[in-house]
Amino acid sequence: MSEQQQIVEHVVLFKVKADADSSKLAAMVSGLNGLASLNLTLHLSFGQLLHSRSSSLTFTHMLHSRYRSKEDLREYAVHPEHVRVVNENKPIIDDVMAVDWMSNGASVSPKPGSAMRVTFLKLKENLGEIEKARVLEVIGGIKDQFQSIEQLSLGENFSHDRAKGYTIASIAVLPGAADLEALDSNAELVKLQKEKVRDSIESVVVVDYVIPPPQVANL
């Protein structure tokens, strides 16, 4: 088995306006998925969330992409095609949240149909490095508790402008949506893991997403 490379994770959560025109939403889906053609991305997927599990912050769609380096992510951010797509879709967006982190616990491209549970943690103020390391350790141990998790990507956010104060991020990749339900059926085990770090966490954002099939260009 080859050694896993360290990659950059980029996750953007969107809250699309409830009255957004369906044709404009379809154009947004097409435009953002079209960014996968840029040579800078190792993987890119955009679509509607399966669940938004947080009461304080609710979202409807997610973009997930992966890069070889922070420099590739910076180049992607200022790429004219990316800037064009972002500006075109601003009128139908109510809220946005973005988190970036370095991960060595992920392969390049999760398969279409795979399910993802994305979790962002906001830690309590003035938390020491020991407590922060404990949070990362507990989250990292979740993969050992749930055999259905194929990948667990975990790290500290390094882009703070749109992260709303959330600093720890993780993605658990599972074979499919049914495996998310199995994860939820082990509620006691999940609760036990959370109890270990509850006193260090101020708030949590959790969303579920299923990777859609690759977009086929219209000929």
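## Exercises on strands, cores and contacts

Leu 154 has Ser 170 of strand 8 standing opposite, where strands (E, at least two residues) and helices (H or I, at least four) are DSSP runs numbered from the N terminus. The model is predicted, so that local features need pLDDT of at least 70 and side-chain atom pairs count only at pLDDT 80 or more, while totals for chains, interfaces and linings use all residues. Residues are numbered from 1 along each chain as its sequence is written, and side-chain values use heavy atoms, with hydrogens and water left out.

**Exercise 1.** Determine in which order the five strands of the open sheet follow one another, and which of them form its edges.

*Solution.* Begin with the order, which reads 3-9-6-8-7 with antiparallel pairing; two strands pair if DSSP finds at least two bridges between them. The edges are then strand 3 (51-52) and strand 7 (151-156), each of which pairs on one side only. Strand 7 is joined to strand 8 by six bridges in the antiparallel sense. Next come the helices: helix 4 (residues 129-140) packs on the sheet and touches strand 6, strand 7 and strand 8, its direction making about 170 degrees with that of strand 7. Helix 6 (residues 177-185) also packs on the sheet, touching strand 6, strand 8 and strand 9, at about 45 degrees to the direction of strand 6. These axes are lines fitted to C-alpha atoms, for helices over the stretch in contact, and the angles run from 0 to 180 degrees between N-to-C directions.

**Exercise 2.** Which residues of the largest nonpolar core touch the most other members?

*Solution.* A nonpolar core is a set of buried Ala, Val, Leu, Ile, Met, Phe, Trp, Tyr and Cys residues joined through side-chain atoms within 4.5 Å. Of its 21 residues, Leu 13, Met 62, Met 97 and Phe 120 touch the most other members. Two or more residues each come from strand 1 (7-16), strand 5 (93-103), strand 6, strand 8 (168-174) and strand 9 (201-210). Another core, of 19 residues, lies apart from it and includes Val 16, Leu 40, Tyr 67 and Tyr 76.

**Exercise 3.** Is Arg 117 buried or exposed, and which side chain does its own meet in a polar contact?

*Solution.* Arg 117 is found in strand 6 (residues 115-123). It counts as buried because its relative accessible area is 12%, the limits being under 20% for buried, over 50% for exposed and partly exposed in between (1.4 Å probe, protein chains only). Its side chain makes a polar contact of 2.8 Å with that of Asp 208, such a contact being a pair of N or O atoms within 3.5 Å, one able to donate a hydrogen and the other to accept it, with residues adjacent in sequence counted only if both atoms are side-chain atoms. For comparison, Val 204 belongs to strand 9 and counts as partly exposed because its relative accessibility is 33%.

Conventions: Contact = heavy atoms within 4.5 Å.
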